[in-house]
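This report concerns one protein model and the packing of its helices. The sequence and structure are shown first.

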Amino acid sequence: MSSSKQSVLAAIVGNTVVMTGKFVVSGLTGSSTMLSEAFHSLADVLNQILLLKGIKQSEKDANAEYKSGYGRARFVWALISATGIFFLGCGMSLWHGIQGLLSHEPHAVKDLHIAIAVIVVSLIIEGAVLLYATKALMAQAKTEDLPLYDYLSDHADPTELAVLLEDGAACIGLIIALICIWLTDMTGNPHWDSIGSILVGVLLGGVAIVLIQKNKSLLTGRSIPETDMNRLKQILQSKKLIQHTNYIRAEVIGANQYEVQVELKLHTQALLETMQVNTSEAYLNIKSQEDFDVFCKSLSIQTVNHIVTTIDSLEEEITTQIPEIKYIDIEPN
């Protein structure tokens, strides 16, 4: 099972337990902050189910209808997930908090010690899930020999990034909830509870915007990371057979999946030098116009085959050195 799928499954289990506790306690205490946190966890669970669906769909093999595979399906569901965080988590939290602040009769909040106890337990569970997701990403970054920040910025699977941000936001949200509920309990002013709900909403809105921007860029054809693009250019520039590269289009089409198209001009003299053609022997065997025509046709076929073999060998070398490239098309001009 992939690390991204494991991270999502762990997050679903952890957030389901936490969500249930938050809804129960919000009903017992009447706390707006706790209700916002319950909606926060509900949004996380629903969104992580969407992420899991995206992972499963993106693993389908390429076919006649989708020749480059279903890798981008992961980005689609991650975008839907981020939109859900914005409208369900952020929207409900802000609405409930603002309603509490504007109410002429502040809502009653009671049994806050129960809410505090549940927040502490939830923080332990969410912290464990966050630690699991962080370790998985650190292991991937180490495999890529990249600093964690650079890996998260350019290489990370958006579903793993979503789990990391959602779990991080969950932990921060719980700390906000703990502070605001404690202030409500200490001061007797329920407006602190409403302020906590608003702060949680703002936090969720920020996470949602980051994830929406990330997945939008991937869906609209974002170029591969600069480090991989430079590696690709270095491989092409190192080949004496290539006179110059006219055009490179390299896009991210899935988690650790690239599609590359290259148009280049071959160096004619270098190409001829690598062909195994015994022209002296062929010249001696030409006795007539018919023999010459046969030689020309044979040479044409041999030249085309040599170009095809050269391009195939170059494509194989590139995909070996940059394994994220799953589909590559090199066209000699």
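Asn 15 touches Ser 41, Asp 44, Val 45, Gln 48, Glu 126 and Asp 167, leaving aside residues up to four places away in sequence; contact means heavy atoms within 4.5 Å. The model is predicted: local features need pLDDT of at least 70, side-chain atom pairs count only at pLDDT 80 or more, and totals for chains, interfaces and linings use all residues. Residues are numbered from 1 along each chain as its sequence is written, and side-chain values use heavy atoms, with hydrogens and water left out.

Asn 15 belongs to helix H1; helices are DSSP runs (H or I, at least four residues), numbered from the N terminus. Asn 15 counts as buried because its relative accessibility is 0% (buried means under 20% relative accessible area, with a 1.4 Å probe and protein chains only).

| Helix | Residues | Among its contact residues |
|---|---|---|
| H2 | 32-58 | Asp 44, Gln 48, Leu 51 |
| H6 | 158-187 | Val 163, Asp 167, Leu 174 |

Their axes, lines fitted to C-alpha atoms over the stretch in contact, lie 10 Å apart at an angle of about 175°. H2 is therefore roughly antiparallel to H6, a term for angles over 145 degrees.

A nonpolar core is a set of buried Ala, Val, Leu, Ile, Met, Phe, Trp, Tyr and Cys residues joined through side-chain atoms within 4.5 Å. The largest has 29 residues, and Leu 51, Leu 137 and Val 163 are among those touching the most other members. H6 gives the most to this core, with 7 residues.

Definitions and conventions. Helix = DSSP H or I, 4+ residues; strand = E, 2+ residues; numbered from the N terminus. Buried < 20%, exposed > 50% of the residue type's maximum accessible area, 1.4 Å probe, protein only. Axes fitted to C-alpha atoms, helices over the stretch in contact; angles between N-to-C directions. Parallel < 35°, antiparallel > 145°, perpendicular 65-115°, else oblique.
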